Amino acid sequence: QSCRQPAGPRASPEPGSGGLPEEVEYIPTRKKGKNPMKPVGVAWYSLYARTRLGYLFYQRQVKKARERYPHGHSTPQPCCFPGMKILPIPVLSNNYSYLVIDTGSGQAAVIDPSDPLAVQAAIEEEGVMLEAIFCTHKHWDHSGGNAALRQWHGSCKVYGSTLDAIPELTNPLVDREKVRVGCLTFEALATPGHTVGHMVYVLDGGPFGGPPCLFSGDLLFLAGCGELFEGSPETMLASLDVAVGLGEDTLLWPGHEYALECLTFASLLELDNPALEQKLQWVTQQRQEKRSTCPSTLGEEQTYNPFLRTHRLELQAALGLRRGGGEHPDAFRARVLKEVRRRKDLYKAT
């Protein structure tokens, strides 16, 4: 059985709300443009990421999302290969958690359990045993369900980087370390930039006749990338290059449903990109029908995602940037990424 596009009703964040989704990824820390959060940006991020006030804010977000989307912000459709199943779980207002199941043994892992009740409901519906939580980073909208799930599943292990203060971390991972859950093999890749300890997880699809699957957290979205809260453009560029190196057929499972906003922004940078235009049309239709837009592939992403196109002359020209004499190519690419990120931070979807 081949991988199918997730489908079903969902309510998307209104682009007209100013281009800043309710979730914390868009709380500014170093922005210079107009933004209602600007006066408290740096202090607020520190409170959110490092204190109990952040957890209380997260609880408020969960409560609001459950009221607004009692059945989740989309109705997902699983992606299935012989012996393996990936179930996207829509949580909060635009997050995705993922339940990955070894269908032979009934053992399962979850990536970024934002809302423990939603994840637990999926576990019970699938009738599986939760063996592992893979956490991409510390932000509460990706780690807030760790404690409750650990309480409900005593043998469940929590994996992640010690460089992030991940709740309930039991099994610290280092770059390129592999973990088996039943017949599933996950490889952790260190991808700092959004946070200093951000990690992504790559599921080996080979034993199941499928491609690699990248669970990218807030490193990479469809047509976008995460904000640089705790890293430089150079750091984020290196992390994005790690992802691209996984191969064009790799399926991208992002941490958020940001596709329409990101593609609309990208279309303002590259006015004559047929691949971008085609993807934007498809995503617009998906969102009108309230369907999910993931997964995409890394091959697709390189044709329209500006954060993966820093080497492209057409994007550089659109930004009005030229490589300086003696400037290292990667230094210039980092400068291009910095400018794209700056413009995206100031962008307001219409």
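Biologist: Which residues form a nonpolar patch on the surface, with about 240 Å² of accessible area together?
Modeller: This is a predicted model. One member of the patch, Leu-53, sits in helix α2, residues 52-68. Leu-53 has 47% relative accessibility, so it counts as partly exposed. The patch is formed by Leu-47, Leu-53 and Leu-56.

Biologist: Is Glu-339 buried or exposed?
Modeller: Glu-339 pairs with Arg-343 in a salt bridge, with the closest N and O atoms 2.7 Å apart. Both lie in helix α11 (residues 329-346), 4 residues apart, about one turn of the helix. Arg-343 is partly exposed because its relative accessible area is 29%. Glu-339 has 16%, and buried means under 20%, so Glu-339 is buried.

Biologist: What is the N to O distance between Arg-176 and Asp-175?
Modeller: Arg-176 has a relative accessible area of 48%, so it is partly exposed. Asp-175, at 42%, is therefore partly exposed. Their side chains meet in a salt bridge at 3.9 Å.

Biologist: How many charged residues are in the lining of the second largest cavity?
Modeller: That cavity holds about 40 Å³ of space. Its lining includes Tyr-96, Leu-222, His-256 and Glu-257. By class, the lining has 6 nonpolar and 2 polar residues, and the charged count is 1.

How values were computed: Residues are numbered from 1 along each chain as its sequence is written. This is a predicted model: local features need pLDDT of at least 70, side-chain atom pairs count only at pLDDT 80 or more; totals for chains, interfaces and linings use all residues. Side-chain values use heavy atoms; hydrogens and water are left out. On a 1 Å grid over the protein atoms alone, a cavity is a set of points where a 1.4 Å probe fits but cannot get out, and a pocket is an open set with protein on both sides within 12 Å along at least five of seven lines; lining residues have an atom within 4 Å of a point. Grid points are joined across faces, edges and corners, and a volume is the space filled by probe spheres set on the points. Ala, Val, Leu, Ile, Met, Phe, Trp, Tyr, Cys and Pro count as nonpolar, Asp, Glu, Lys and Arg as charged, and the others, Gly among them, as polar. Patches are made of residues with over 30% relative accessible area and no salt bridge: like charges are joined within 9 Å, nonpolar side chains (Val, Leu, Ile, Met, Phe, Trp, Tyr) within 5 Å. Accessible areas come from the Shrake-Rupley method with a 1.4 Å probe; for residues, only the protein chains shown count as cover. A salt bridge is a side-chain nitrogen of Lys or Arg within 4 Å of a carboxyl oxygen of Asp or Glu. Helices (H or I, at least four residues) and strands (E, at least two) are DSSP runs, numbered from the N terminus. Buried means under 20% relative accessible area, exposed over 50%, partly exposed in between (1.4 Å probe, protein chains only).
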